[in-house]
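Visitor: Could you please walk me through this structure? I would like to begin with the strands.

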Amino acid sequence: MPDLTQALTRRHEQSLYRQRNTVESPQSVHLKIEGRDYLSFCSNDYLGLANHPEIVAAYKEGLDRFGVGSGSAHLMTGHSYAHQALEEALAEFVGQPRTLLFSTGYMANLGVIDSLVGRSDCVIQDRLNHASLLDGARLSGAQLLRYRHNDMDSLRRVLARRKNCGRRLIATDAVFSMDGDQADLPALLDTAKRNDSWLLVDDAHGFGVLGEAGQGSLSQLGDVDPRVILMATLGKACGISGAFVAGSNDLIETLIQSARTYIYTTATPPAQAWATLTALRVLKEADEARLHLGKLVEYFRVTALTNNLNLYPSTTAIQPLLTGSANQALALSERLKSAGLLVSAIRPPTVPEGEARLRITFSAKHSFADVDRLLDTLIQCGNIPAETVV
């Protein structure tokens with residue numbers, strides 16, 4: 001029997017051991033953990049909707065109307081009126097013919113990739129894609145090819161060397177979850193067209209935040225293209241949980257027939273879908289919150305760079321502060337926590353060796369005073385030299 005204790009000890013020694021915080025309060029920028037109050041900069045609740053009173057009320061209404069569980073998979077009796085209404089509302093909002101709900105973004109990406117490609121096919125991915133996209137390719141049995149981060153010449157070279165692929169699927173994060181920068185979707189779509197490929201866009205961190213009324217990153221592309229497949233999550237800017245895939249009617253019908261992560265799992269609670277309908281309405285009307293969020297990010301970046309903090313070149317709500325080693329990232333995160341600030345230390349294998357960082361994320365619920373408190377503490381801690389700046 002393998003010795004798990006030794007492996008866990010090594011993780012401790014390498015500053016790679018992961019631990020959970022048990023939160024005792026509703027999700028917000030102000031959290032209570034083990035009786036202590038913290039100011040949090042490590043949530044993906046970008047618009048502060050996770051405890052929005054209208055959405056909470058809608059959830060309660062959904063519980064009264066539909067009960068607490070769906071009872072079965074969507075293809076049995078688990079697909080409720082609430083699910084159907086949400087799928088139709090999401091399709092209209094993102095400007096796609098249809099959408100399909102999944103329990104999580106991870107399950108959505110696995111389901112899409114496994115349904116569209118197999119052993120004779122190729123999946124071509126940005127090197128910094130989310131783990132769910134990479135795992136989807138591996139589980140599908142297709143050949144997984146990687147191109148340099150946000151490098152269209154690298155992508156074209158990879159495609160040119162693999163002319164014998166059957167079906168081709170290019171997959172990318174729209175906003176990269178650990179770096180905060182954005183994919184060049186128009187260039188990717190042009191490349192997909194020239195190479196007869198699908199383009200799968202994971203917009204987990206763009207949906208609700210970017211684009212007109214928060215429609216997300218696909219607003220870069222204009223008219224609907226049937227080769228584009230959108231995946232977006234409902235647990236970040238939308239404030240609840242779950243995910244959806246949007247695209248052509250044939251795509252959605254194919255997923256209903258073939259996506260194992262859709263077919264063989266219990267549907268999410270109808271009350272959750274009912275609450276998400278309200279969350280979607282609130283999200284559409286949140287232009288002021290999006291504007292405030294953008295101003296917070298700009299203010300943080302200007303002040304941080306003026307004080308020589310090693311920020312990654314991101315303009316989104318995800319602001320990585322590079323430290324280099326896992327030990328440095330963990331030590332700085334702990335120093336911030338002792339000052340009442342929560343900021344996640346991101347270490348290998350989530351990011352490459354030598355590129356450990358603090359992942360600072362902002363919410364529209366933060367104030368400028370909150371940002372000043374974070375900046376003051378970071379500056380007092382001293383600039384952490386980045387061992388590897390990409």
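Guide: In strand β2, the bridge partner of I33 is R36. The model is predicted, so to read it, note that local features need pLDDT of at least 70 and side-chain atom pairs count only at pLDDT 80 or more, while totals for chains, interfaces and linings use all residues. Residues are numbered from 1 along each chain as its sequence is written, and side-chain values use heavy atoms, with hydrogens and water left out.

Visitor: In which sense do β1 and β2 pair?

Guide: They pair in the antiparallel sense, over four bridges. Strands here are DSSP runs of E with at least two residues, numbered from the N terminus, and helices are runs of H or I with at least four; two strands pair if DSSP finds at least two bridges between them.

Visitor: And what lies between β1 and β2?

Guide: Two residues separate them in a hairpin, and E34 in the turn has a positive phi of about 50°.

Visitor: Which strands make up the open sheet?

Guide: The order is β1-β2-β11, with mixed pairing. The edge strands, each pairing on one side only, are β1 (30–33) and β11 (341–342). Strand β2 (residues 36–40) pairs with β11 in the parallel sense over two bridges, and L341 in β11 is the bridge partner of L39.

Visitor: What does the side chain of K32 meet in a salt bridge?

Guide: The partner of K32 is D37, at 2.9 Å from N to O. A salt bridge is a side-chain nitrogen of Lys or Arg within 4 Å of a carboxyl oxygen of Asp or Glu. K32 is partly exposed, with a relative accessible area of 29%, and D37 is exposed at 54%.

Visitor: How many salt bridges are there by this rule?

Guide: The count comes to 12. Among them is the one between D190 and R194, whose closest N and O atoms are 2.9 Å apart. These residues are separated by about one helical turn because they are four residues apart in helix α8 (residues 185–194).

Visitor: Which residues are linked with R281 in a network?

Guide: E54 and E285 are linked with R281 through salt bridges. The side chains of E285 and R281 meet at 3.6 Å, N to O. E285 is exposed, with a relative accessible area of 58%, while R281 is partly exposed at 35%.

How values were computed. Buried means under 20% relative accessible area, exposed over 50%, partly exposed in between (1.4 Å probe, protein chains only).
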